[in-house]
Amino acid sequence: MTDNHTSLEDGIREARALVESSSRIVALTGAGISVDSGIPDFRSEGGLWKRFDPHEYATIESFERNPEKFWTMGRELAETILLAKPNEAHSALAKLEDSGKLCCVITQNIDNLHQAAGSREVIELHGNYLRAYCTSCKAEYVGDEVHRGVARGDIPPKCEKCGGILKSEAILFGEPLPKGPMEHAIKACREADLLLVIGTSLSVYPVAFLPQLAKDSGARVILVNLEGTNRDGVADIVLRGRATHLLPSIIGV
Ligand code: NAD
């Protein structure tokens with residue numbers, strides 16, 4: 001729906017017209033875009049935070065105190081992420097980039113599914129679960145090998161070179177966001193003529209400010225989400241529904 005008086009069909013039509021008339025589109029995605037790939041968002045019923053208290057399992061302090069605990073949760077996440085394949089919503093964004101209209105995808109996700117769908121310009125604000133590094137010698141591990149070991153119960157994973165404990169590159173609570181990607185995201189939002197916000201509750205800062213920033217810089221904003229968010233008021237068009245149904249319709253693929 002775009003507002004209380006407009007049907008979903010009208011909203012889709014308006015959104016599609018906006019996509020057609022825009023040339024510097026930026027997408028901002030969150031966990032909701034990957035739900036139909038089999039990765040639940042963390043906050044919903046059955047999500048990770050309902051079973052693992054993030055204060056206990058997913059802060060940088062808890063990792064430093066007890067990395068086994070983090071990797072026990074990490075094992076479940078690894079099993080889910082390794083099985084996931086990109087869905088129609090990830091593919092629609094990759095096609096929009098191929099058409100030359102989409103400049104980049106800014107994502108809070110750590111699942112690598114935008115890249116797997118073919119997106120090239122992906123700004124990862126919260127890191128990537130498929131990259132890890134040694135907390136002692138800083139050796140980098142790229143790809144799914146570490147997580148295949150974790151999924152087999154190899155917890156906590158250790159560095160092949162020095163035996164140090166490995167940490168996933170995904171950002172934990174209490175860790176600063178990597179500076180480069182956030183700066184890049186702010187620049188992209190300032191230059192966009194349309195921001196497509198997809199599958200995020202917009203409850204994590206500073207990401208939650210990006211739609212307002214884009215709007216203040218002259219962009220139109222379309223919000224695609226299953227439920228209301230506390231930033232719906234910023235959007236020109238709000239579409240309630242599944243990203244896999246709505247994105248192919250508004251992007252026209
Ligand atoms: P969130 O869980 O706070 O919000 C997700 C939103 O997506 C919800 O409002 C929900 O209504 C909506 N949603 C659920 N299914 C949907 C669907 N099929 N189509 C459209 N919308 C749908 O997620 P967030 O705002 O991204 O913040 C969560 C944090 O947790 C992020 O920092 C992220 O790093 C991390 N996370 C990542 C993944 C992943 O990489 N796939 C998964 C879970 C959480």
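The largest pocket of the protein is the space taken by the ligand. A pocket is here an open set of points on a 1 Å grid over the protein atoms alone, with protein on both sides within 12 Å along at least five of seven lines, and a molecule sits in it if more than half of its atoms lie within 2 Å of its grid points. The model is predicted, and local features need pLDDT of at least 70, side-chain atom pairs count only at pLDDT 80 or more, and totals for chains, interfaces and linings use all residues. Residues are numbered from 1 along each chain as its sequence is written, and side-chain values use heavy atoms, with hydrogens and water left out.

The domain assignment, automatic or from a database, gives domain 1 (1–38 + 86–129 + 176–253) and domain 2 (40–83 + 132–169). Both domains give residues to the shell around the ligand, so the ligand lies between them. Their centres, taken over C-alpha atoms, are separated by 27 Å. In contact (heavy atoms within 4.5 Å) are 12 residues of domain 1 and 13 residues of domain 2.

Around the ligand there are 26 residues, of which Arg 43, Gln 108, His 126, Thr 200 and Ser 201 come nearest; a residue is near if one of its heavy atoms lies within 4 Å. Turning to individual atoms, a backbone N or O atom of Gln 108 lies 2.4 Å from a ligand oxygen atom. In the side chain of Thr 200, an N or O atom is 2.7 Å from an oxygen atom of the ligand, while for a polar side-chain atom of Ser 201 the distance to a ligand oxygen is 2.5 Å.

How values were computed: A polar contact is a pair of N or O atoms within 3.5 Å; within protein, one must be able to donate a hydrogen and the other to accept it, and residues adjacent in sequence count only if both atoms are side-chain atoms. On a 1 Å grid over the protein atoms alone, a cavity is a set of points where a 1.4 Å probe fits but cannot get out, and a pocket is an open set with protein on both sides within 12 Å along at least five of seven lines; lining residues have an atom within 4 Å of a point.
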